[in-house]
Every structure is written in C-alpha cells, then in structure tokens.
Amino acid sequence: MKEHSSATVLERPAIPLGMSAGVWWGLLGVAAFSFTVPFTRVAVAGIPPLFIGSGRAVVAALLAAAALAVTRQRLPRRGTWLRLALVAGGVVAGFPLLTSYALTAVPAGHGAVVIALLPAATATAAVLRTGERPAAAFWVVMALGSLAAIAFAFLQSGGAGHLQWADLLLLGAVACAAVGYAEGGLLARELGSWQTIAWALVLAAPAMLVLAVASVLSQPPSATPVQWAAFGYLAVVSMFLGFVAWYRGLAIGPMAQVSQIQLLQPVLSIGWAALLLGEALTWTTLLGALAVILCAAAAVRVRLNRPAR
C-alpha cells in the first residue's frame, strides 16, 4: 500500500493535472447530479424526507465499503479524518437532508432556482480554500452565468414568489455542498476521487443509519416502484458514482473554473423535470438555457493567475 504523505502528493498526485480532462470529468458529474432534484421530488411523494436523506447515504456507504474492501485501501492518516468529516457533513448529510425536506414543499423547478447559486458558492469556497486566484474576467463571467441560471430557472418555474422556509433549507444545502465540494476536490488529489467520497460515506454511515432507522420506526415508507427506483438512483448515482466523476474533475482543476460547469445543472434538471414530471418548456426558457451554456463555456476558458502562497 502507498503512504499518502505530503511529499508523495507533490511528486505523484493521485490524479494527473490537465484542465481539459477536469472539465470533461466535471461535466459527467454534473450530468449525473442533474437528475437529483427531479428524482428527489418523485421520491418524497411516497418516502419520508428523513429516510431519503439518510437512507440513500446508508446504501451508498455499503457500496463504498465494499469497494474499499475489495481494493484493499489503506486507512487515511489521522489528520485526514477531520477533512473527511467536513466532506461528509457537507455532501453526505447536509445537502441530501436539507434538499429532501425542502422539496416536500416546493416543486423541482423552484428548487433549481436556489441551487443555481451553487456554482458561485463553490467557486468562492474553492478560492478561499485553495488559494486559486481567478482573473477579474472570471468573476464577471461567473456572475453573469449565475444570473442567467437563476433567471432561466425563474422563468421555467413561473416566478420567484416570496421567500419561505424551504428556500432557507435550500440555501443551507448550497452552503453545505460548496464546502464539501471544495474540500473533497482537494482530498481527491491525495486519496483519489472515488476513495474520497467512499471514506466520507463510511465515516457518516453510523449517524445516517441511526437516522434511517428512526425514520422507519416513526413513519414507515410506503412508495410505488417508480418512487423506489428514484430513491435507488439517488443512493447509487447521486450519492456515490456521480461524486467519483465530480471529485475527479475538481481535483484535476482548476477547481474554481471546473465548478462553473454546475451552471448547466439547473438547465439539465429543469429539462429532466419537463420530460419526467410534465413541466412545460417555452422558447424563452430555451433561450435562457443557451445563455447559461455560453456563460459556463466562457467561465471554464478564463485563465487563472498563479495561486497565492
């Protein structure tokens, strides 16, 4: 087994650097995540949100533990566990639980409106955590892209409406995911992409199992096969496989730029919601989607300055 020392990381990173590859891996991860909001909306119709948020993490943790055991991965160093706990709190517990509860009260399109803020939040977390220094043009394009994504989602969901408790949950979910993405992207450079999310899932498994059991005892799930299938996707893809691609893209980086691929997520999510949930698409929203795609393409092409030391 290889010791993941700091010297080893500098000489032979677990993932080779190269922006183009990072963009493609990030795009694959976003494509996987784009089904999360509509499938969560499907699942909460028959499964309690607490069970969705915790149960999907338990299922994913079983897959992760099996993968770690089969490949005989060495335990991370002691100092790494605290960073893994940050990842687990953000993307294994925080984002799934908060979005599951929020989507019991708001439609998928409304959820996409708030989650459209995630690229900007992730880029900010990445800059604060990694020392990357995007040029001023990057921040301009990011702001334009975020506004375009939010406007697109507003148009599709029928307007903003008033702020409600579900919006606060969604904003909390965005903050959790941004921190978990930035820290997970850094850890993926040391541990590897799938190893990072796998160890985070295993670390969070005991707490998630307690919550899942408590949910079953208080309110047993009563779902249709379609709702269970949606839950299965959330557990296997949204909670595990999607992160393998996403963390690999962030690790290859530059992290701030790769994070802007998330601008495409509300576009894809609302498209899937239209196909799966019957929401209508208009020419206005199609033009908005094109604007979001162009902003995302511009953001990932802006050059970064050297990281601050």
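Me: How many helices and strands does the protein have?

Reply: The protein has 14 helices and two strands, where helices (H or I, at least four residues) and strands (E, at least two) are DSSP runs, numbered from the N terminus. This is a predicted model, in which local features need pLDDT of at least 70 and side-chain atom pairs count only at pLDDT 80 or more, while totals for chains, interfaces and linings use all residues. Residues are numbered from 1 along each chain as its sequence is written, and side-chain values use heavy atoms, with hydrogens and water left out.

Me: What share of the residues counts as buried?

Reply: Buried means under 20% relative accessible area, exposed over 50%, and partly exposed in between, with a 1.4 Å probe and protein chains only. Of the 309 residues of the protein, 52% count as buried. As for contacts, defined as heavy atoms within 4.5 Å, residues 24 or more positions apart account for 93% of those in the protein with a separation of 6 or more.

Me: How should I read the packing of two helices, and at what angle do H5 and H10 pack?

Reply: Two packed helices are described by the angle between their axes and by the distance between those axes. Axes are lines fitted to C-alpha atoms, for helices over the stretch in contact, and angles run from 0 to 180 degrees between N-to-C directions. Helix H5 (residues 78-102) and helix H10 (residues 193-218) pack at about 60 degrees, with their axes 8 Å apart. Angles under 35 degrees count as roughly parallel, over 145 as roughly antiparallel, 65 to 115 as roughly perpendicular and the rest as oblique; H5 and H10 are therefore oblique to each other.

Me: Is the crossing of H5 and H10 left-handed or right-handed, and which residues meet there?

Reply: A crossing is left-handed if the near helix is turned anticlockwise from the far one by less than a right angle, and right-handed if clockwise. H5 passes H10 in a right-handed crossing. Among the residues that meet are Trp-81, Leu-84 and Val-91 in H5, and Trp-199, Leu-203 and Met-208 in H10. Taken by class, the contact of H5 with H10 has 17 nonpolar, one polar and no charged residues, where Ala, Val, Leu, Ile, Met, Phe, Trp, Tyr, Cys and Pro count as nonpolar, Asp, Glu, Lys and Arg as charged, and the others, Gly among them, as polar.

Me: How is H4 placed against H5?

Reply: Helix H4 (residues 49-70) packs with H5 at an angle of about 150 degrees, the axes being 8 Å apart. That makes H4 roughly antiparallel to H5. The contact includes Pro-49, Ile-52 and Arg-56 of H4, together with Val-92, Pro-96 and Tyr-101 of H5. Its residues divide into eight nonpolar, three polar and one charged. H4 passes H5 in a right-handed crossing.

Me: At what angle do the axes of H5 and H9 cross?

Reply: The axes of H5 and helix H9 (residues 165-191) come within 7 Å and cross at roughly 150 degrees. H5 and H9 are therefore roughly antiparallel to each other, and H5 passes H9 in a left-handed crossing. The residues of this contact divide into 20 nonpolar, seven polar and three charged.

Me: How many residues of H3 are buried, and where does Thr-40 stand?

Reply: H3 is mostly covered, with seven of its eight residues buried. Thr-40 has its place in this helix, H3 (residues 36-43), and at 1% relative accessibility Thr-40 counts as buried. Leaving aside neighbours within four places in sequence, Thr-40 is in contact with Arg-56, Thr-99, Ser-100, Leu-103 and Leu-234. Val-37, which also lies in H3, is buried with a relative accessible area of 7%. Val-37 and Pro-107 are 70 residues apart in sequence and 9.1 Å apart in space, C-alpha to C-alpha.
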